[in-house]
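Student: I have a model open and want to talk through the fold. Can we start with the sheet?

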Amino acid sequence: MAEILVVRHGQASFGADNYDELSEKGRNQGRLLGDTLRAMGWTPDRAITGSLARQKQTLQEMGFDVPPEEHAGWNEYDFHDLLHSRFGGQAPSEVIQDRKTHFRALRETLAEWQQGGVSGASESWAEFIARVEAARQHAAETEAERVLVVSSGGVIARLVAATLQVPDSQMIALNLQVKNTSLTRFISGRGKFFLHEFNSVPHFHDSDRAKLMSYS
C-alpha cells in the first residue's frame, strides 16, 4: 500500500505579470510545511511535481532530499486561457486582477467548461480529466511507501471528486476551498484508491502560523 500525499503549491504571485512564481509568503509556506512533516516523522520515498515553476519551487522550499520527478498531468488547468477564451479573446482587466471578480468569473467559466463550452480554450474538460487520471496512475504505480506530489487546486479537486464519485459541479466547490500548501492524502494499493484526508493544514495550527494561510 502506498500513501500519496498531494500538496497544493504555495501562494503564487496573483496579479503579477508572471503568476507562476511563488510569493515570499508562498516560499515561507513551503518551508513551514516541510519542517512540519519532518517533525511528524513523514519523509517521502518519491517526489513528483507538474512542470509549473510554482510547484517545483514549493517542493524545493520543503527541503526533502529526494530526486524530483515531473509529470505534466499534475499541472493546473490554464485559467488565464479559459477566462480569455470565454470573454472572446481578452478577459476584462478586473477579471484577472481583482480577486473577488476573478473567482466569481472563474466559477462561472469552469461550469461552462465542464458542460463542453469555452470552445476556444486550449484544453477541453475531457482532456483535463484524462491527464489528471494519467498522473494519478503514474503516482500510484509504485513500490514506494510514501509519495509526495506537489500540484494545484483544480487538479486536487478533480482527483478528490473522481475518487468520491461526486458530480462535476462539486469539483468547483472543492477547488475553491483548497488552501495553499494544504495536504490531501490518498491510499493506493491492491487495485484500490481512496481518500484519507482533504485540505489539511497542520503547519498552520496555531495563531501565529495561521497568519500565513492563503487560498490563492
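Student: What order do the six strands come in?
Tutor: This is a predicted model. Its six strands form an open sheet in the order β3-β2-β4-β1-β5-β6, with mixed pairing.

Student: Which strands are at the edges?
Tutor: β3, residues 68-70, and β6, residues 192-200, each of which pairs on one side only. From one strand to the next, the twist averages 25°.

Student: How do β1 and β4 run, parallel or antiparallel?
Tutor: Parallel, with six bridges joining β1 (residues 2-8) to β4 (residues 146-151). Arg-8 stands opposite Ser-151 in β4, and Val-6 has Val-149 of β4 as its bridge partner.

Student: And how many bridges join β2 to β4?
Tutor: Four, and this pair runs parallel. Val-149 in β4 has Ile-48 opposite it.

Student: Is β4 covered or open, and how many of its residues are buried?
Tutor: Mostly covered: five of the six residues in β4 are buried.

Student: Where does the antiparallel part come in, and how many bridges join β5 to β6?
Tutor: β5 and β6 run antiparallel and are joined by six bridges. Ser-188 stands opposite Phe-193 in β6.

Student: Moving to helices. Which strands does α2 lie across?
Tutor: Helix α2, residues 53-62, lies across β2 (46-49), β3 and β4. α2 runs at about 135° to β4.

Student: What about α6, which strands does that one touch?
Tutor: α6 (residues 125-140) packs on the sheet and touches β1, β2, β3, β4, β5 (183-189) and β6. The direction of α6 makes about 165° with that of β2.

Student: How do α6 and α7 cross?
Tutor: Their axes come within 10 Å and cross at roughly 80°, α7 being residues 153-164.

Student: Which residues in α6 meet α7?
Tutor: On the α6 side, Trp-125, Phe-128, Ile-129, Val-132 and Arg-136. They meet Gly-154, Val-155, Arg-158 and Leu-159 in α7.

Student: Zooming out, how many helices and strands are in the chain?
Tutor: Eight helices and six strands. Along the sequence the pattern reads β-α-β-α-β-α-α-α-α-β-α-α-β-β.

Student: How compact is the chain for 216 residues?
Tutor: As compact as a globular protein of that length, because its radius of gyration is 17 Å, close to the 17 Å from the globule rule. The C-alpha trace spans about 50 × 40 × 30 Å along its principal axes.

Student: What share of the residues count as buried?
Tutor: 53% of the 216. The accessible surface of the chain comes to about 9900 Å², and carbon and sulfur atoms account for 46% of that.

Student: And what share of the contacts links residues 24 or more positions apart?
Tutor: 67%, counted among contacts with a separation of 6 or more.

How values were computed: Residues are numbered from 1 along each chain as its sequence is written. This is a predicted model: local features need pLDDT of at least 70, side-chain atom pairs count only at pLDDT 80 or more; totals for chains, interfaces and linings use all residues. Side-chain values use heavy atoms; hydrogens and water are left out. Two strands pair if DSSP finds at least two bridges between them. Helices (H or I, at least four residues) and strands (E, at least two) are DSSP runs, numbered from the N terminus. Axes are lines fitted to C-alpha atoms, for helices over the stretch in contact, and angles run from 0 to 180 degrees between N-to-C directions. Contact means heavy atoms within 4.5 Å. The radius of gyration is taken over C-alpha atoms; the globule rule is 2.2 Å times the number of residues to the power 0.38. Buried means under 20% relative accessible area, exposed over 50%, partly exposed in between (1.4 Å probe, protein chains only). Accessible areas come from the Shrake-Rupley method with a 1.4 Å probe; for residues, only the protein chains shown count as cover.
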